[in-house]
Each structure stands twice: as structure tokens, then as C-alpha cells.
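Hi everyone, thanks for making the time. I'd like to walk you through one fold today, so let me put it on the screen.

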Amino acid sequence: MSSPFQRRLVGTIILVAIGVIVLPDLFDGKKKHYQEEFASIPIKPELSKDVEQFEIQEPIDFDAELPGEPVEVTIESSKTEPKKEILSIVEKKQPEKVEKIDYAKSAWIIQLGVFRNADNATNLALKLRKQGFQAHTFPKEPKKGDLVRVAVGPDVSKPDLEKQLPKLKEITGLNGQLLKFTPLNP
């Protein structure tokens, strides 16, 4: 006869076999097969009657440019030997190329001061703006304890900013310092 241990072992093996064979099919559900759907592209789209039609205009002929090298012209006269004259063509002057100014490398600012109190810096910048100067504070929104710079500019003309220094000293009482402006780190 079989012992209770053997019966339990056989029962456990049968339950595990059923679990391995049957349960995956039960929990899998419906198997879906994915198939890509293709939309057919019409060969020629149908146009509605509401589409606007435009009249194609004739191209406009502009004056032709003269050739760049001298042209040889023969003029026949009553004599048997034709004369040859060489006409020279005046070349058009090419417009002079204006150098583009790289403003990022050549801009200037006047730094008036660095303030610990952001309210004082903001008030000074507002006072200068009312006087017609292009005044800014850096950083725009300071955090508590940050230093705030007050600057006038930027301007690409260094002499123009140098002319503003005496007037700024008269208004603010501060000696401004002329510095190169760097847009990434104002």
C-alpha cells in the first residue's frame, strides 16, 4: 500500500502538471494577431469645383546685361576693305560689400555699480530710464542676498557710451566703468 507521503507527493505532482499545462491557456484569453492596415492612395485626387483658378502671366523681359569682355564690330563702308573697330564695354561697378558687424563681439555697456540691496538697484535703473537711458539690472529677478548690477547699454558704439559717462556721473554720482557686453553672461 501507499503511504500518506507518497499520496501527497503524487497529488502535488498532478496539481503542478495541471497548473503548467492548463493555466497558461486559461489566463491567456483571446490571442490577437496584429496586422497592419494599409490605406489605398488614390491615383488622382478629385478636385472640387470651388478651387480657384489663376491666370498664368507672361514673363517680363528685363534689360539684358552686356558681356564682360570687348566685342569686335565690323562696319562696312563704300571701300572694299572693311573697318574693324573694337568697342570697349564699361563694366558695372559691383556694390561694395559692407562688413557685417558681429554685435556679440563688439557691444559695450557702462556698469554703474553692484548693489546688495535689490530695491536700490531697481530704483536707480528706473531713475535712469526716466532720464532716457537704456538702463538694466542683472539679474532681472534677484534672490535674497544676491548682488545686483546696474548697467546702461548695450551699445555697439563705444564713443557714444563714453560721451554718456559725465552725464551719468552728474545724475547718479557714480563713476561708471566701460565694459564689453557678453550676451550670454550680461
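Let me begin with a question: where is Pro-154 found? Pro-154 is found in strand 5.

A quick word on where the values come from. This is a predicted model, in which local features need pLDDT of at least 70 and side-chain atom pairs count only at pLDDT 80 or more, while totals for chains, interfaces and linings use all residues. Residues are numbered from 1 along each chain as its sequence is written, and side-chain values use heavy atoms, with hydrogens and water left out.

Four strands make an open sheet, ordered 4-5-3-6, with antiparallel pairing; two strands count as paired if DSSP finds at least two bridges between them. Strand 4 (135-138) and strand 6 (177-180) are at the edges with a single partner strand each, so one side of each has no neighbour in the sheet. On average, neighbouring strands are turned by 40° against each other, direction ignored. For angles in general, axes are lines fitted to C-alpha atoms, for helices over the stretch in contact, and the angles run from 0 to 180 degrees between N-to-C directions.

Strand 3 (residues 108-115) and strand 6 run antiparallel and are joined by four bridges. In one of these strands, strand 6, Leu-179 is the bridge partner of Ile-109. Helix 5 (residues 158-172) packs on the sheet, touching strand 3, strand 5 and strand 6, and its direction makes about 35° with that of strand 3. Touching, or contact, means heavy atoms within 4.5 Å.

Next up is helix 4 (residues 118-130), which lies across strand 3, strand 4 and strand 5 (148-155) and runs at about 165° to strand 4. Which residues of helix 4 are buried? They are Ala-121, Leu-124, Ala-125 and Leu-128, where buried means under 20% relative accessible area, exposed over 50%, and partly exposed in between, with a 1.4 Å probe and protein chains only. Down the axis of helix 4, the buried residues fall within an arc of 100°, so they line one face of the helix; the arc is taken from the directions from the helix axis to the C-beta atoms. Those buried residues pack against strand 3, strand 4, strand 5 and helix 5. On the face turned away from the buried side, you'll see the exposed residues Asp-119 and Lys-130. After helix 4 comes Gly-132, whose phi is positive, near 100°.

Let me finish with Thr-172, in helix 5. Its side chain makes two polar contacts, meaning pairs of N or O atoms within 3.5 Å; within protein, one must be able to donate a hydrogen and the other to accept it, and residues adjacent in sequence count only if both atoms are side-chain atoms. The Thr-172 side chain reaches the backbone oxygen of Leu-168 at 2.7 Å and the backbone nitrogen of Leu-174 at 3.2 Å. Leaving out residues up to four places away in sequence, Thr-172 touches Leu-124 and Leu-128, both buried in helix 4.

Key
Helices (H or I, at least four residues) and strands (E, at least two) are DSSP runs, numbered from the N terminus.
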